[in-house]
Amino acid sequence: MKDSLTVIVPAAGVGKRLGLGKNKAFACIGGMPLLILCMKMLAETGLVRNAVVVVGAGEVSETEALINRYQPEHFATIEWKVAVGGKERQDSVANGLALVTDTEGYVAVHDGARPFAGRDVFLRTLEKARQCGSAIAAVPVKNTIKVTDSDGYVVSTLERSSLCAVQTPQIFEVNILRKAYAYLKEHPFAVTDDASLAEAAGYPVAVAEGSYENIKVTTPEDLLLAEEILRKRRVGGAGELPGK
């Protein structure tokens, strides 16, 4: 398939802010584990042929059993592997990347806690990546953003029209992502997304239109919103929730 993707799915978070006492990838939304909803969404894009799911060291067997249970019905078209996560997110993605065998084409990094990205977001991001090598999904920031100092005083107000909230997928020509992680190994620093590595290594990163429904489930409030998005989609709603 011309535009098929390998996707690294970081899902090693312990979900402290959710207060579940377990990896949030196993939290259920609409009766289905969050990770499985994400894998189902990846299959429904029609773009994904391989996935590397990254989880905690003590969760590999549980994850493999979960995927084996749901794959035949929900994402039979995806071949998958499970990798062991590292201390930080960047370590987890590096471990996942080590299992990617592609020598050309594109690899996506997509949070296991974002089950609603969908085909259109993946297509737009892939098209941007094909144009310049690296691309991220993002949406315009709705709120005014202020910079504050250590004492809690406003230092400046940023121009909202130039700001965006970054999401996943983040899609890269596979060798660009490999070179970005090689750069990180030589110049260690903390990052919160993979595009930052590409930027630091000197590669341009394009921005594709994301979706306000492409939420990352992090807090109890996010779980409620995810339930509402899923309910709306199951009854046939095709648009964004109010407030876009």
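**Salt bridges, cores and a strand**

Modeller: R89 is in helix α3 and D111 in the loop between β6 and α4, so the pair ties together parts that are 22 residues apart in sequence. The model is predicted: local features need pLDDT of at least 70, side-chain atom pairs count only at pLDDT 80 or more, and totals for chains, interfaces and linings use all residues. Residues are numbered from 1 along each chain as its sequence is written, and side-chain values use heavy atoms, with hydrogens and water left out.

Colleague: What is a salt bridge, and how many are there by this rule?

Modeller: A side-chain nitrogen of Lys or Arg lies within 4 Å of a carboxyl oxygen of Asp or Glu. The count here is nine. Helices (H or I, at least four residues) and strands (E, at least two) are DSSP runs, numbered from the N terminus.

Colleague: Is D111 buried or exposed?

Modeller: Buried means under 20% relative accessible area, exposed over 50%, and partly exposed in between (1.4 Å probe, protein chains only). D111 has 6% and counts as buried, while R89, at 23%, is partly exposed.

Colleague: Which side chain does K232 meet in a salt bridge?

Modeller: K232 meets E213, at 3.2 Å from N to O. K232 lies in helix α7 and E213 in the loop between β11 and α7, so parts 19 residues apart in sequence are tied together. K232 is buried at 13%, and E213 is buried at 3%. Salt bridges that share partners also join R89, D111, R114 and D194 into one network.

Colleague: How do I read a nonpolar core?

Modeller: In soluble globular proteins, nonpolar side chains tend to be buried together. A core is a set of buried Ala, Val, Leu, Ile, Met, Phe, Trp, Tyr and Cys residues joined through side-chain atoms within 4.5 Å. The largest one here has 45 residues, and those touching the most other members include L5, M39 and F122. Helix α1 gives the most to this core, nine residues. Leaving aside neighbours within four places in sequence, M39 is in contact (heavy atoms within 4.5 Å) with A51, V53, F75, I78 and W80.

Colleague: Which residues form the covered face of strand β11?

Modeller: In a regular strand the side chains alternate between the two faces of the sheet. In β11 (residues 206-209), A206 and A208 make the covered face, V207 and E209 the uncovered one.
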